[in-house]
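Let's take a walk through this structure together. Keep the sequence and the 3D view at hand, and follow along one piece at a time.

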Amino acid sequence: MAAEMEPPPLGDAGQTDFREIEDGEGFFVSTVTTLESPEPSSPDPPSMPAEGISTNGPKQEDISLDDDPEDLFAEATEEVSLDSPEREPILSDGPSPAITPVTPTAMLTPRMGLGTAEMFERSLDEIEEDDSGDTFDMHIAVSDPEKVGDGMNAYMGYKVTTKTSMTIFSKNETTVRRRFSDFLGLHSKLASRYLHIGYIVPPAPEKSIVGMTKVKVGKEDLSSAEFVEKRRSALERYLMRTVKHPILLKDPDVMMFLESSELPRAVSTQALSGAGILRMVNKAADAVNKMTIKMNESDAWFEEKHQQFENLDLQLRKLHASVECLVCHRKELSVNTASFAKSAAMLGNSEDHTALSRALSQLAEVEEKIDQLHQDQAYADFYLFSELLGDYVRLITAVKGVFDHRMKTWSKWQDTQLLLQKKREAESKLQFANKPDKLQQAQDEIKEEIEELEGKVQQGEKDFELISKTIRKEVSRFEKERVKDFKVVIIKYLESLVQTQQQLIKYWEAFLPEAKAIA
Amino acid sequence: MTSTIDDSDKEKALSVSVDLNNDTSLLIDIPDALCERDKVKFTVHTKTTLSSFQKPDFSVPRQHEDFIWLHDALVETEDYAGLIIPPAPPKPDFESPREKMHKLGEGEATMTKEEYTKMKQELEAEYLAVFKKTVQVHEVFLQRLSSHPILSKDRNFQIFLEYDQDLSVRRKNAKETFGSFFKNMVKSADEVIISGIKEVDDFFEQEKTFLLDYSSKIKDSTARAEKMTRSHKNVADDYIHISSTLNSLSVDDNTKVEGRVASDQELKLTELLRYYMRDIQAAKDLLYRRARTLADYENSNKALDKARLKSKAVAAAEEQQQQCLQRFNKLSESGKRELTSFKGRRVVAFRKNLIEMAELEIKHAKVGQTGDSLSFYLFLYFILGQKFTYAKLTVSLNSLENSRK
């Protein structure tokens, strides 16, 4: 089987040093697990729940991506040394929680400040991590979509359950009912409060007039069920992302959203409301401004990051499009396989040679099962992968927005500075003016203005520095989150792919003796 | 574009029928083929111990149209009315890959260089698959002829194998093609009438029912199998797009696996069904011919009775009747033989192909696993911006394989 891939001549070092997990079943083998890692308990799943289908052992440790300087890969080959100097400070911590295909939560482990700290720019991250006295332990679930009301005024209500052990919350477990516009309202409040000072506020799921109308009208079909499910899981991800942000978590609006049973209706989120139109106008104005501001970037880090995000944005969009295509085609494949299965069954029926007839019917059954497999795979493709990509495309837009705000802050500062300069010039002109009676008054005025402006300039500078600092922190946080998010999802997805293949093998292997039995 | 296949490739190009080259007195194969634009030139190679041929080992170039000529010549031979004439090989159809190639060329600007190369490779593989398929189908046609006790001795067949100059003089011109088209129409109309005739023999009655039913079912299955493999190809193409967006390293990855699964499946399942669809048509043709002779016989009976009534030209009518009866019996006899061996052949062929298909699926699913994980390792490399070494990659994958086995 290895014939298809030829490992480069690295010698046997790579293979022999590789210790497989005891049960020999782990498929992402990681040397990390076999070492006595100095890190505190990797939250291994206590027991592998009945995922009978997955024959992969419980230790789905993540792919060994980290080139940890403490070198957990000491016994691995020379490639480690190749990497360590080039490592970027955004590498993830050690093995992330072992993957259970069950819950979507990824727990932020508290051990970031420990041994792996050298990897990070201490100043930035330690502050954040040490901030929360609690360990981050929160689980939000969005469930039970229920249609409330009728006709065009109907809406979907969702149940939001918060389970937490953190002290800032009043109860350990809260359940509230919310509707979609509540989520949007929350987001708009957070955005107006935090975006312009540089915090990356996770974007809310998008409005969809078509989807919602179908639901409102009461069409009980597959596509509207899918739509509701899509939205539900998007809302859940949105909330989890929001609370993972240590600053946003403490925002009173967030807490109110999660805890209070009644929430004032967020009317301003409606598409055609006054606020909505105002938003659109602002967006247009922003776009124009962006084009006209020519920022003097003094900080290479920002330059680089900006570029990086642009690239990432492009690639992710492209990938997202391809994955959506894949989902579509796989669904098609499953439909065609099903129709073939039916026709093969009929063929088997009309075949008069008994063994052959039986074999053909078996073939039909196999194909039917395969069709089911394909369908499931398509769902996995979609829910795991494509949605994640969509989320990140939107997130990156938010990140870019934050960068833009920084630009705006800078430009404001510069403008104030220019104004100050003008006033100073005016002041010095006054010195040489020849109107003694008005002079004193004018001079006083100008002095006042100058003082005011000086204050503003200082403020502007401070603002700019603050936003720059915040962005740095945010970006590194974002990168960490991104790594984690993708890792979790990719592993799950890969698992599902492998499972599919395994099932395929099983089915065909079961079919083979039937085919051989044709006499 | 020219492309050739070699012997080793052909070993793998799985044949739809089995054990056709058993009789060493006449061995035929197509070792070589050239594809120019629309035309495929086959090199038909014969090895024989029979004295009826001038040389024991020789090759001739033939085109698709020559095969069709041979087939039609056989069909038109009265003596072979009681035999199942192997179905003519279908015209080589490069339309689909060519169209895709065209689209690819148009979309070249929007793709990265790598993606383009990959897609091109895929298309070339598809093209090659179509090519292999058509060679195989032509070869099988000849081999069935050579393994048939009666047909292998046919004079036209010998000419086909031996005549070292162009056969184009023998081919149909437009008038003849039109004529044969017309004949086909008449035949189908006849078929409907004939199927109303009461069948005297149980065996044939059964066969008729079975073949009619089976042929419609197999047509249906073939169509759906084709759709299925086309969808599969689409999925494979998507994987190419995805993986190219991942800036993959130059290793064997998921795309080739999925793509190859699709094209191998094509060769197996769909081909099997398609071939038997045509074969069944040939069997139906036999039944038709026999039914015709039955009709003739009945007509001659009626004519005889009339003649007897009128006491005119009785002898001639009697002779006519005798002839018809003879023909009918001959056809029934050989027809029975043919149909029985046809059934046996079909069962064996299905068995072989289903087994091979299952084994292939298993093999590809196993490789597919490693392929999938490979492409996603690469994805991680990309998305996480980490410098992921190739070596670590393969190490992990080897262990993946080991755990799979």
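## A hairpin and what surrounds it

In chain A, β1(A) and β2(A) make a hairpin with six residues between them, and G149(A) in the turn has a positive phi of about 85°. Before going further, please keep in mind that this is a predicted model. On β3(A), V160(A) has another bridge partner, V176(A).

That brings in the next strand. Strand β2 (residues 155-164) of chain A pairs with β3(A) in the antiparallel sense, over seven bridges. Along this pairing, T162(A) stands opposite T174(A) in β3(A).

Now put the strands together. In chain A they form an open sheet of three strands in the order β1-β2-β3, with antiparallel pairing. Because β1 (138-148) and β3 (173-179) of chain A each have a single partner strand, they stand at the edges, and one side of each is left without a neighbour in the sheet. On average, neighbouring strands of this sheet are turned by 20° against each other, direction ignored. What about β2(A): how many of its 10 residues are buried? Seven of them are, so β2(A) is largely enclosed by the rest of the structure.

Part of the surroundings of this sheet comes from helices. Helix α5 (residues 180-194) of chain A lies across β2 and β3 of chain A and runs at about 100° to β3(A). Another helix, α9(A), also packs on the sheet, where it touches β1, β2 and β3 of chain A, and its direction makes about 95° with that of β3(A).

At the start of α9(A), a side-chain oxygen of D251(A) reaches to within 2.7 Å of the backbone nitrogen of D253(A). Within helix α9 (residues 252-259) of chain A, the buried residues are D253(A), V254(A), M255(A), F257(A) and L258(A).

## Where rings meet

Turn now to chain B for a pair with another geometry. The ring centres of Y297(B) and F328(B) are 6.4 Å apart and their planes lie at 0°, so this pair is stacked. Here too distant parts of the chain are linked: Y297(B) belongs to helix α8 (residues 254-310) of chain B and F328(B) to helix α9 (residues 314-384) of chain B, 31 residues apart. Y297(B) counts as buried because its relative accessibility is 17%, and F328(B) counts as buried at 7%. Back in chain A, one aromatic cluster is formed by W301(A), F302(A), F309(A), Y392(A), F403(A) and F478(A).

## Stepping over to chain B

Chain B has 10 helices and three strands. Of its 405 residues, 55% are buried.

The strands of chain B form an open sheet of three in the order β1-β2-β3, with antiparallel pairing. Its edge strands are β1 (26-36) and β3 (57-63) of chain B, each pairing on one side only. Strand β2 (residues 39-48) of chain B pairs with β1(B) in the antiparallel sense over nine bridges, and E36(B) has K39(B) as its bridge partner in β2(B). Helix α4 (residues 113-147) of chain B packs on this sheet and touches β1 and β2 of chain B, its direction making about 150° with that of β1(B). Helix α5 (residues 155-162) of chain B packs there as well, touching β1, β2 and β3 of chain B, with its direction at about 95° to that of β3(B).

Definitions and conventions:
Residues are numbered from 1 along each chain as its sequence is written. Chains are lettered from A and ligands numbered from 1 in the order in which they are written. This is a predicted model: local features need pLDDT of at least 70, side-chain atom pairs count only at pLDDT 80 or more; totals for chains, interfaces and linings use all residues. Side-chain values use heavy atoms; hydrogens and water are left out. Buried means under 20% relative accessible area, exposed over 50%, partly exposed in between (1.4 Å probe, protein chains only). Helices (H or I, at least four residues) and strands (E, at least two) are DSSP runs, numbered from the N terminus. A polar contact is a pair of N or O atoms within 3.5 Å; within protein, one must be able to donate a hydrogen and the other to accept it, and residues adjacent in sequence count only if both atoms are side-chain atoms. Two strands pair if DSSP finds at least two bridges between them. Axes are lines fitted to C-alpha atoms, for helices over the stretch in contact, and angles run from 0 to 180 degrees between N-to-C directions. Contact means heavy atoms within 4.5 Å. Rings of Phe, Tyr and Trp (its six-membered ring) pair if their centres lie within 6.5 Å; planes under 30 degrees apart count as stacked, over 60 as edge-to-face and the rest as tilted.
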